[in-house]
Amino acid sequence: MSSPTGPANGLPVRMPRPRQTGRHRRPEPAVAPEGAPALVLAVPGVPSAASRGLAEEIISIGRSELPGLDARVGFLDGDDATEFPSLSGVLTVIAQDRAARAQSARAAGQEVPAPTGPDAVVVPLLAGPDGDLLRRVRQALMDSTAAAELADPLGPHPLLAEGLHVRLSEAGLARADRARLFSVTTAADGIVLATTGGEEAVKAAGITGMLLAARLAVPVMAAALDEEGSVAAIADQLRREGSTQLALAPYLIGPEAAEGLLDTACKEAGCSAADVLGSYPALGKLAVAQYSAALGITQGAAAH
């Protein structure tokens, strides 16, 4: 199990800030109770060093949000014989570890209370409800021996709109701050918000898209990367409605999109693209917020 100082495998973690004194000090963060279920981040896509590094960064931020959190990573397409363990394999190990600790305690004559919650809460590393991937996550839960609960994807959420804004500004496709008066000659006047997961995912992305439109004061419309012609059709609609300089904002964390999908969409739409959300710090907060919500825990990240 992890501790407030970090995971047992020695990975670098973000440490909680020292407590401030005085009337303006920030409230102390909640601490995961002893024996709390593990948070397992379910990573879609082809496992790679890049996707593992991304997941570990998000987990590191999550541990700083909820000290003492036992957080792990499982891959939908993982192989337990490699460095990319499968989601079902990770869940099974968690259940075995929990049972072994209880058995050791009983052998030592300690009273072991009956478990009152699941062994783990699985948080999908998805910005929205990708139906196919979520079905695979549910199947992995069924294939494991753990009592696990599935949390919601990370979005829609205002923090994701913030992340999209940051990525667009980093690419020179949007102003970093509407209050600043300097001009950005490459700033887009219409945004295609591209996601995967079909119609349901597009509808959910549209909610975050409205928040992004309010931040940028330009039209934002969602499209499906994995539906042929969807991005090009939305780009054409934006142009018919008056936009002349479009940008594509990937409503993606990264691993869930097939390689080449974004490049193809940009060519079809005839526009530049920002980077995926990647390890944007708010994702760690949202992962802990979804974990906390699944367990009915009041946690600061959920209110941001």
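Visitor: Rings of Phe, Tyr and Trp (its six-membered ring) count as a pair if their centres lie within 6.5 Å, and planes under 30 degrees apart are stacked, over 60 edge-to-face and the rest tilted. How many aromatic pairs does a search of the whole structure find?

Guide: The search finds one aromatic pair. Phe75 and Phe84 form this edge-to-face pair, with 5.4 Å from centre to centre and 85° between the planes. The model is predicted, so local features need pLDDT of at least 70 and side-chain atom pairs pLDDT 80 or more, while totals for chains, interfaces and linings use all residues. Residues are numbered from 1 along each chain as its sequence is written, and side-chain values use heavy atoms, without hydrogens and water.

Visitor: Is Phe75 buried or exposed? And Phe84, buried or exposed?

Guide: Phe75 is buried, with a relative accessible area of 2%. Phe84 is buried as well, at 14%. Buried means under 20% relative accessible area, exposed over 50% and partly exposed in between (1.4 Å probe, protein chains only).

Visitor: Turning to helices, at roughly what angle do α4 and α5 cross?

Guide: The axes of α4 (residues 158–170) and α5 (residues 198–216) cross at roughly 50° and come within 8 Å. That makes α4 oblique to α5; angles under 35 degrees are roughly parallel, over 145 roughly antiparallel, 65 to 115 roughly perpendicular and the rest oblique. Axes are lines fitted to C-alpha atoms over the stretch in contact, with angles from 0 to 180 degrees between N-to-C directions. Helices (H or I, at least four residues) and strands (E, at least two) are DSSP runs numbered from the N terminus.

Visitor: Which residues of α4 and α5 meet?

Guide: Those in α4 include Leu160, Leu164 and Leu168, and those in α5 include Leu211 and Arg215. Contact means heavy atoms within 4.5 Å.

Visitor: And how do the axes of α1 and α8 cross?

Guide: The axes of α1 (residues 49–65) and α8 (residues 282–295) come within 7 Å and cross at roughly 60°. Among the residues that meet are Ile58 and Ile61 in α1, with Leu283 and Val288 in α8.

Visitor: New topic: which peptide bond is cis?

Guide: The bond from Gly155 to Pro156 is cis, with omega near 5°. Pro156 lies in the loop between β4 (148–150) and α4.

Visitor: What is the phi of Ala217?

Guide: Ala217 has a positive phi of about 60°, although it is not a glycine. Ala217 sits in the loop between α5 and β6 (220–224), and is exposed, with a relative accessible area of 53%.
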